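Subject: Structure handover

Hello,

Here is the structure for you to look through. Please open it beside this note and follow along.

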Amino acid sequence: MFLDIHTHNTKQQQGVIAIQSLSLSESTFLAMPKTKPISIGIHPWYGKLEELPKNMKYLNVLARQDNVKLIGECGLDKLRGERMKIQLQILEPQIALAEELQKPLILHCVKAFDELIALKKRVRPTVPMIIHGFNKKYEMAQQLIHQGFYLSFGAAVLKSEEVAVALEKTAAPFFLETDEAEIDIKEIYIKVAEIKKITVDELKDVIFANWRQLGLL
């Protein structure tokens, strides 16, 4: 199977296991799937401090479903959403819930890696924390890996040489995703296999092992 750790595509593809990302702000929240693998959280674009108690109450219940594999996407974004201080206040209880449930976090982070690293050092969670849609240089990849984060690569590997180099040099466990891109996860696998100089089948084994390591399968 091809494994897609983060997608907003609701269509199921044959031969693909995909974790569909849902936000508490979306209309699908109260009618979320009961069997297909999903992630659920408060996206930093939509989170409001005054809605946090209500949303955390809902999240605390829904995140316990067996098909909820990840908490998120949640995270920090300096270009959109509330002020950083508020975004941190919204993110921290989601990390605490992930820690309680022992479910990994899928994280959105835009221009706020320093703040995210500082938060991780302060709260010291033991659950895996995955940066989705990584699209930075190798040096940033190494910094995040050194701080205990995992990286998920998406469509950026198809068009950015810097991201391709970061992936090529990354020896740590990594993941692949489609996010909001209108692209088949198989295309990403083909490109990543080329970058890693292995076959697609070998790459499928690598990604499968990485999912198993995080308890996603």
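Below is what was found in it, by topic.

First, the ground rules. This is a predicted model, in which local features need pLDDT of at least 70, side-chain atom pairs count only at pLDDT 80 or more, and totals for chains, interfaces and linings use all residues. Residues are numbered from 1 along each chain as its sequence is written, and side-chain values use heavy atoms, with hydrogens and water left out.

**Core**

The largest nonpolar core has 70 residues. Such a core is a set of buried Ala, Val, Leu, Ile, Met, Phe, Trp, Tyr and Cys residues joined through side-chain atoms within 4.5 Å. Buried means under 20% relative accessible area, exposed means over 50%, and partly exposed is in between (1.4 Å probe, protein chains only). Leu 105, Leu 107, Phe 153 and Leu 176 have the most contacts inside the core. Helix 2 (residues 84-101) gives the most to this core, with eight residues. Helices (H or I, at least four residues) and strands (E, at least two) are DSSP runs, numbered from the N terminus.

Take Leu 105. Neighbours within four places in sequence are left aside here. Leu 105 is then in contact with Ile 71, Cys 74, Gln 94, Ile 95, Ala 98, Val 127, Pro 128, Met 129 and Ile 130. Contact means heavy atoms within 4.5 Å.

**Helix 7 against helix 8**

Two packed helices are described by the angle between their axes and the distance between the axes. The axes of helix 7 (residues 185-196) and helix 8 (residues 200-213) come within 9 Å and cross at roughly 100 degrees. That makes helix 7 roughly perpendicular to helix 8. Angles under 35 degrees count as roughly parallel, over 145 as roughly antiparallel, 65 to 115 as roughly perpendicular and the rest as oblique. The axes are lines fitted to C-alpha atoms, for helices over the stretch in contact, and angles run from 0 to 180 degrees between N-to-C directions.

Helix 7 brings Tyr 189, Ile 190, Val 192 and Ala 193 to the contact. Helix 8 brings Val 200, Leu 203, Lys 204 and Ile 207. By class, the contact has seven nonpolar, no polar and one charged residues. Ala, Val, Leu, Ile, Met, Phe, Trp, Tyr, Cys and Pro count as nonpolar, Asp, Glu, Lys and Arg as charged, and the others, Gly among them, as polar.

**Salt bridges**

Side chains of opposite charge can pair when their charged atoms come close. The structure holds seven salt bridges. The criterion is a side-chain nitrogen of Lys or Arg within 4 Å of a carboxyl oxygen of Asp or Glu. Three of them follow.

- Glu 115 pairs with Lys 78, the closest N and O atoms being 2.8 Å apart. The pair links distant parts of the chain, 37 residues apart. Glu 115 is in helix 3 (residues 113-123), and Lys 78 is in the loop between strand 4 (68-77) and helix 2. Glu 115 is partly exposed at 22% relative accessible area, and Lys 78 is partly exposed at 45%.
- Glu 162 pairs with Lys 137, with the closest N and O atoms 3.8 Å apart. Glu 162 lies in helix 6 (residues 161-169) and Lys 137 in the loop between strand 6 (129-131) and helix 4 (138-146), so the pair ties together parts 25 residues apart in sequence. Glu 162 is partly exposed at 42%, and Lys 137 is partly exposed at 45%.
- Lys 197 pairs with Glu 168 (3.3 Å, N to O). Lys 197 sits in the loop between helix 7 and helix 8 and Glu 168 in helix 6, so this pair ties together parts 29 residues apart in sequence. Lys 197 is exposed at 67%, whereas Glu 168 is partly exposed at 40%.

**Backbone points to check**

Lys 197 comes up again here. Its phi is near 60 degrees, a positive value in a residue other than glycine. Arg 124 is not a glycine either, and has a positive phi of about 50 degrees. Arg 124 is in the loop between helix 3 and strand 6 and is exposed at 68%.

A cis peptide bond joins Gly 72 and Glu 73, with omega about 15 degrees. Glu 73 is in strand 4.

**A buried lysine**

Lys 120 is in helix 3 and counts as buried, at 16% relative accessibility. Beyond four places in sequence, Lys 120 is in contact with Pro 125, Met 129, Gln 147, Gly 148 and Phe 149. Lys 120 and Gly 148 are 28 residues apart in sequence and 9.1 Å apart in space, C-alpha to C-alpha.

Best wishes
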